[in-house]
Amino acid sequence: MNTPTCEFDLRGQVCPSTLLTALREINLRQSELKERRIVLIFLTDNRHATVTVPQAVINMGLHCEVVKTDNTYQITVEGNND
Amino acid sequence: MTSPVIPQQPSPVEERAYHYIRSKVDQLLDTIGTLPLNPDELDNEALISLDPIGIVSESFKHILAHLEETNQRLTLAHDEIHAILNAVGAAIMVVDPTGRIVAGNNKVNEFFNPGGLPLIGSFCHEIVCHEKDSPPVCVLQNVLANDQVEQRNEVTLNGRCYEVIGTAIHDHKNKQLTHVIILYSDITARISNEQALRQALETTNETKERIKAIFSASGDGLLVTDLDGRIALMNHAAAELLRIPLTSQGKTLDQLFDHRNRLWPACLELIDSGKTLGSVDISIGTDKDETVLATKISLLPRSTPQSGGTVIALRDVTRERTIERMKSEFVSTAAHEFRTPLTAIIGFSELMLNDEFPRDEQHEFLTMIHDKAQSLSHLVNNLLDISRIEAGEKLSLKKTPTALQFLLDRTIPGFAKSSTQHQFVTELADDPILDVDAEAIIQVLENILGNAVKYSPAGGTIRIVCTGDKDQCQIAVHDQGIGMTEEQVARVFDKFYRGSALHTSIGGTGLGMTIVKHFIEEHGGEINISSKPGIGTCVCFTLPVTRETSC
């Protein structure tokens with residue numbers, strides 16, 4: 001069964017605004033993420049965010065994956081398997 | 001017309017408040033690891049509406065919750081590892097690169113630290129090997145030097161034997177070796193058991209070889225089968241006796257022999273009976289070349305329902321069984337031979353005791369009694385002779401120069417008188433003087449002529465032909481009787497053997513020809529027989545000649 005996704009286009013924003021926006025969305029959906037009921041996708045063109053967002057996400061015990069397509073980074077956040 | 005809204009400049013107090021908020025937000029962002037807020041990108045109003053302190057605080061709350069969870073997991077994992085370490089039968093300790101012990105299980109104290117020195121913080125060489133400078137085998141040093149798993153077998157420490165394994169632990173980030181786990185398994189009992197096992201194996205192999213040698217060297221046939229009758233082991237003698245190739249091992253007795261062979265049925269009977277020993281005689285071959293084998297069957301002890309089997313010892317008893325049969329026949333024949341003359345003696349003597357008879361009739365009866373008594377005497381003499389031959393006694397021959405004609409005159413007339421159906425013809429080139437015991441040779445001639453008469457029931461000519469030279473005389477007695485087969489001829493000198501045993505009308509004990517051969521050989525002569533069934537028999541023997549004149 002595919003988990004519903006929620007995508008946020010943060011392109012054009014600079015860090016730390018990107019990080020704060022991402023953290024806000026993650027905070028709002030913390031329990032859904034932990035229970036693997038939702039996957040959040042953040043699109044950004046800010047390279048610094050590809051480091052700061054995953055670091056914060058991992059510290060929260062969530063899984064994070066960064067994929068680059070053209071000039072956009074796709075940061076996927078979801079709950080851990082365990 | 002409305003006038004444009006001019007942003008109100010913050011008061012100095014508000015400015016200080018914004019500045020404070022920005023500095024705290026930057027401090028929090030720095031903690032998270034990102035850049036400080038740029039006032040050009042986020043004005044005061046946006047700053048307040050975004051609520052970065054709230055966001056970061058909420059994030060910290062989740063990070064702390066996760067850390068707490070992780071900490072709980074780590075505590076549980078630590079407890080689990082501790083329990084596992086203490087449950088392991090081996091001593092396990094963790095040391096830093098200097099050899100200082102940072103962790104260890106109960107077995108470390110049990111094996112190496114009975115005095116109860118503080119384990120954590122001590123150096124491993126102080127606890128385990130007690131060699132400060134150069135321990136005999138330092139697994140730690142080898143792991144540090146090679147940075148790979150180090151295994152040492154049979155390391156002796158404190159009088160016990162250990163298997164020691166050292167494994168390096170590396171830092172995840174910089175991959176540096178941080179600790180070494182050293183495991184000590186006490187293998188003293190295992191080594192001792194292995195030695196005992198090796199010794200037992202050697203003893204077993206020696207015993208096996210010894211049994212194999214005895215098995216091969218045994219003159220008796222020996223055979224080992226499983227409970228299905230499958231041959232597991234067989235020596236040469238068994239293969240020869242059973243007339244099967246040695247390669248028959250692996251086949252079952254059922255496959256090798258037909259239903260007439262009683263060996264496997266006897267084994268099955270023994271297995272079913274619960275007894276441990278059994279025996280049976282079996283026949284191998286056809287009537288012409290039959291051999292009789294005496295078998296002794298023993299059951300192998302069973303350690304499991306599937307194990308066990310039989311050990312079969314085989315011995316060729318063809319000759320023994322034949323002799324037993326012949327002896328049995330002899331007893332029957334001898335009884336008959338005794339009874340016939342005794343019946344006549346008793347009958348005629350009773351007649352004479354009960355009634356008066358004229359003198360000529362009395363003479364006739366007494367002659368009959370005398371003849372039958374002589375016959376009995378002859379029979380008893382034969383038995384005594386054979387008894388002496390059996391005992392290996394030498395005959396005390398009274399050799400005197402004796403004319404052959406004299407010997408023939410003492411024997412032929414008696415047969416000629418009693419058997420009118422036969423004609424006796426003698427062919428003597430001259431009358432040789434023999435160097436013999438006359439009584440013994442008369443016994444020889446009576447036996448040979450007696451057989452010639454008995455085995456020519458239809459009558460015919462019995463020729464006695466004498467040839468010879470200055471040293472020996474050859475005497476041949478030919479008859480025209482029923483003759484014998486080659487097998488019968490081959491066995492004619494055997495004790496108790498009667499060629500025509502089935503021919504019940506012909507009497508005899510089966511001892512005569514055995515005595516004849518012995519007497520002839522005692523004189524230094526030889527005896528041979530040639531015969532054809534339905535044609536007749538020729539008994540030919542030699543005797544020594546002397547130049548002296550007869551008495």
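Contact here means heavy atoms within 4.5 Å. This is a predicted model, in which local features need pLDDT of at least 70 and side-chain atom pairs count only at pLDDT 80 or more, while totals for chains, interfaces and linings use all residues. Residues are numbered from 1 along each chain as its sequence is written, chains are lettered from A and ligands numbered from 1 in the order in which they are written, and side-chain values use heavy atoms, with hydrogens and water left out.

A:Thr76 lies in strand S4 (residues 72-79) of chain A; helices (H or I, at least four residues) and strands (E, at least two) are DSSP runs, numbered from the N terminus. Leaving aside residues up to four places away in sequence, A:Thr76 touches A:Val39, A:Leu40, A:Ile41, A:His63, A:Cys64 and A:Glu65. Its relative accessibility is 13%, so A:Thr76 counts as buried. The term buried means under 20% relative accessible area, exposed means over 50%, and partly exposed lies in between (1.4 Å probe, protein chains only).

Helix H1 (residues 17-28) of chain A has 12 residues, which at 1.5 Å a residue should span 16 Å; its end C-alpha atoms are 17 Å apart, in agreement. The expected span is 1.5 Å times one less than the number of residues in the helix. H1(A) is mostly covered, with 10 of its 12 residues buried. Among them are A:Leu19, A:Leu20, A:Leu23 and A:Ile26, along with A:Ser17, A:Thr18 and A:Asn27.

A:Glu25 is also on the buried list of H1(A), and its relative accessibility is 9%. A:Glu25 forms a salt bridge with A:Arg24, the closest N and O atoms being 3.5 Å apart. A salt bridge is a side-chain nitrogen of Lys or Arg within 4 Å of a carboxyl oxygen of Asp or Glu. Side chains of opposite charge can pair when their charged atoms come close. A:Arg24, at 32% relative accessibility, counts as partly exposed. A:Arg24 and A:Glu25 are linked with A:Arg29 in a network of salt bridges. Elsewhere in chain A, A:Arg37 pairs with A:Glu35 in a salt bridge, with the closest N and O atoms 2.8 Å apart. A:Arg37 is partly exposed because its relative accessibility is 42%.

In chain B, the side chains of B:Arg160 and B:Asp186 meet in a salt bridge at 2.7 Å, N to O. This pair links distant parts of the chain, 26 residues apart: B:Arg160 is in strand S4 (residues 160-170) of chain B and B:Asp186 in strand S5 (residues 177-186) of chain B. B:Arg160 counts as partly exposed at 38% relative accessibility, as does B:Asp186 at 29%. Over all chains, the count comes to 20 salt bridges.

The interface of the two chains has none of these pairs: the count between chain B and chain A is zero salt bridges. The rule does find two residue pairs in polar contact across the interface, both at pLDDT 80 or more. A polar contact is a pair of N or O atoms within 3.5 Å; within protein, one must be able to donate a hydrogen and the other to accept it, and residues adjacent in sequence count only if both atoms are side-chain atoms. On the side of chain B that touches chain A, helix H1 (12-32) and helix H3 (52-87) of chain B each supply at least two residues. H3(B) gives the most to that side, with 10 residues. By class, the side of chain B has 10 nonpolar, five polar and four charged residues. In this classing, Ala, Val, Leu, Ile, Met, Phe, Trp, Tyr, Cys and Pro count as nonpolar, Asp, Glu, Lys and Arg as charged, and the others, Gly among them, as polar. The contact takes 19 residues from chain B and 19 residues from chain A. The area buried between the chains is about 1700 Å², of which carbon and sulfur atoms give 65%; buried area is the accessible area (1.4 Å probe) that two parts lose on being put together, summed over both.

Further along chain B, helix H12 (residues 359-391) has 33 residues and reaches 47 Å from its first C-alpha to its last, close to the 48 Å expected at 1.5 Å a residue. Its buried residues include B:Phe365, B:Ile369, B:Leu376 and B:Asp385. What covers the buried residues of H12(B) includes helices H11 (318-354), H14 (438-454) and H16 (512-522) of chain B. B:Gly392, with a positive phi near 80°, follows H12(B).
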